[in-house]
Amino acid sequence: MAWLALIISGLLETVWAIALDRSAGFSRPLPTAVFGVALVLSMAGLGYALRTVPVGTGYAVWVGIGAVGTAVVGMVALGEPASLPRILCLLLVICGIVGLKYFH
C-alpha cells in the first residue's frame, strides 16, 4: 500500500507542478486552488509512504515520478522540445526509479 501511495503522490507532484506554472504567480484562482490541493495530497501521500519505505528511496522515487511526469506533460501538451537526448535522459530516470523499487 505504501508503494501505491508513493506512486500516486508522485503523480500528484506532476499535477501541482503544472498547476503552479498555470497559476501565473498565483494570480489565477483555479490553477492556484488545484496547486494547493494537489500539493497537500502529494505531501500527505509521501508522508504516509515514508512510514514504511526508507526516506532516501521514497523521496527519490517521489521526485523521479514527479520530474518525469512534469517533463512528459511539458513535451506532450505544452510545446516543450521532445528531443531524443531528453527522452533518453527521462528513460534513465525511470530506470533509476525501477531500480530503487527493485532493490528496496
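## Pro54

Pro54 counts as partly exposed, with a relative accessibility of 41%. That label applies because 41% falls between the cut-offs: under 20% is buried and over 50% is exposed. This is a predicted model.

Pro54 sits in a loop. On one side of that loop is α2 (29–49), and on the other is α3 (55–77). His104 is 50 residues apart from Pro54 in sequence. Their C-alpha atoms are 8.4 Å apart.

## Two salt bridges

Side chains of opposite charge can pair when their charged atoms come close. The structure has two salt bridges. The cut-off for such a pair is a nitrogen-to-oxygen distance within 4 Å.

One of them joins Arg22 and Asp21. Their closest N and O atoms are 3.8 Å apart. Arg86 and Glu80 form a salt bridge too, through their side chains. Here the N to O distance is 3.6 Å.

## Exposure of the paired residues

How accessible are Arg22 and Asp21? Arg22 has a relative accessible area of 37%, so Arg22 is partly exposed. Asp21 has 48% and is partly exposed.

Now take Arg86 and Glu80. Arg86 is partly exposed, at a relative accessible area of 30%. Glu80 is partly exposed as well, at 34%.

How values were computed
Residues numbered from 1 in each chain as written. Predicted model: local features only at pLDDT ≥ 70, side-chain atom pairs only at ≥ 80, totals over all residues. Heavy atoms only, no water. Helix = DSSP H or I, 4+ residues; strand = E, 2+ residues; numbered from the N terminus. Buried < 20%, exposed > 50% of the residue type's maximum accessible area, 1.4 Å probe, protein only.
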